[in-house]
Amino acid sequence: MSNPALPVLAEVVRSGFVEGRHHGSLVLLAADGSVEFALGAPDAPVFPRSCAKPFQAVAILRAGLALEGEQLALAASSHSAESFHLAGVRRILAEAGLDESALRTPADLPLDETEAELHLRWGGDREPVLMDCSGKHAGWLAACVANDWPTDSYLDPAHPIQLLAREALEEAVGETPAHAGVDGCGAPLLAVSLTGLARGYRSLLQAGPGTPQRRVADAMRAHPEYVAGTRRPDTRLMRAVPGALAKMGAEAVQAFALPDGRALAFKIEDGAERARGPVLAEALRRLGVTGADDVIDRIAAAPLLGGGIPVGEVRAAF
């Protein structure tokens, strides 16, 4: 449920009538890391959900696993379960002497609707490898094998790989997590502020070449289709904006950073995915992102249909 105490970030407009509103919090950072613009409660803790994945991938590198390129991007992904994603996950596991049975991800359908429809049409069922977090889990498992750590308990918050993941997140955001929980994939989940999250993404791009943080960021930017999928906004954005790092999380959390130090993070309070695109597009414009107008306009588009034709839209309201 949306919190009316927070500002309206998006309006739902049908036939010229505002029939709904999505509240939330947002923060934009200037190139020097200072807060340039904020709405709502950006210093209040939120679960970053999959926006935490780049830091969780840093843990894999700190554990000594030699992942590079597409495989490293996949370890930080919320993938669409396209064929190249699944091949990549299976390759990470196979190189560690494991198979899909080692995954502790819940059985799921592909995150991408097109891939889910195709999978079902071909008689497929829910599988752990199809879950959008299986790349991250495969990376964790491979790191466990490389260090002779137990693989059956890799999701335990006290497991060495999870301690490294927590350390990487805390360092990046500059905060002690306000709350601990369990993510949708079963992994430990830590609540931090949106301001901290934006600064964390900024730190990935500001890190020195060859550091684990920069290696993760570089892999994600070089292989954005492995971070998301061929039809996903994060992929389009990283392809269109030179040097950009973008990552979505469940419950309408989003993070984004540029090489010059500018960054943003927001959360739609009620988790409405339909509001993500319009809010992200307006935030990018306010951040001063240029040269990708077509992609930003496409991300912003959230039409409402009536009788199969557009009669309104979800639009940014700030």
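**Close-up views of a predicted model**

**Figure 1. Helix H4 has buried residues at Glu115, Ala116 and His119.** The helix spans residues 113–121 and belongs to a predicted model. Viewed along the axis of H4, the buried residues fall within an arc of 100°, so they line one face of the helix. Glu113 and Arg121, on the other side of H4, are exposed. Where the helix starts, a side-chain oxygen of Asp112 comes to within 3.0 Å of the backbone nitrogen of Thr114. After H4 comes Gly123, which has a positive phi, near 85°.

**Figure 2. Leu130 lies in the loop between H4 and helix H5.** Helix H5 covers residues 134–147. Leu130 has a relative accessibility of 3% and therefore counts as buried, the cut-off being under 20%. Ala75 is 55 residues from Leu130 along the chain, and the C-alpha atoms of the two are separated by 14 Å.

**Figure 3. Val89 is part of helix H3.** This helix runs over residues 83–95. Val89 counts as buried because its relative accessibility is 0%. With neighbours within four places in sequence left aside, Val89 is in contact with Leu74, His79, Val129, Ser134, Gly135 and Ala138. For Val89 and Leu197, 108 residues apart along the chain, the separation of the C-alpha atoms is 27 Å.

**Figure 4. Strands E7 and E8 form a hairpin with three residues between them.** E7 consists of residues 245–249 and E8 of residues 253–257. The two strands pair in the antiparallel sense over five bridges; in one of the pairs, Lys247 has Ala255 of E8 as its bridge partner. Glu251, in the turn, has a positive phi of about 60°. E7 is mostly covered, with five of its five residues buried. The buried residues on one side of the strand are Leu245, Lys247 and Gly249, and those on the other are Ala246 and Met248, so both faces are covered.

**Figure 5. The largest pocket holds about 920 Å³ of space.** Its lining is made up of 34 residues, and Arg232, Pro233, Met248, Glu273 and Arg276 lie nearest the centre. Two or more lining residues come from each of H4, helix H10 (233–240), E7, helix H11 (276–287) and helix H12 (293–300). H11 gives the largest share, four residues. Met248, one of the residues nearest the pocket centre, is also one of the buried residues of E7.

**Figure 6. Three strands form an open sheet in the order E4-E6-E5.** The pairing in this sheet is antiparallel. Strand E4 (45–46) and strand E5 (179–182) are the edge strands, each pairing on one side only. Between E5 and strand E6, residues 188–193, there are four bridges. Val182 has Pro188 in E6 as its bridge partner.

Notes: Residues numbered from 1 in each chain as written. Predicted model: local features only at pLDDT ≥ 70, side-chain atom pairs only at ≥ 80, totals over all residues. Heavy atoms only, no water. Buried < 20%, exposed > 50% of the residue type's maximum accessible area, 1.4 Å probe, protein only. Arc of directions from axis to C-beta. Polar contact = N/O pair within 3.5 Å; in protein donor to acceptor, adjacent residues only side chain to side chain. Pairing = 2+ DSSP bridges. Contact = heavy atoms within 4.5 Å. 1 Å grid on protein atoms, 1.4 Å probe; cavity = no way out; pocket = protein on both sides within 12 Å on 5 of 7 lines; lining within 4 Å. Points joined across faces, edges and corners; volume = space filled by probe spheres on them.
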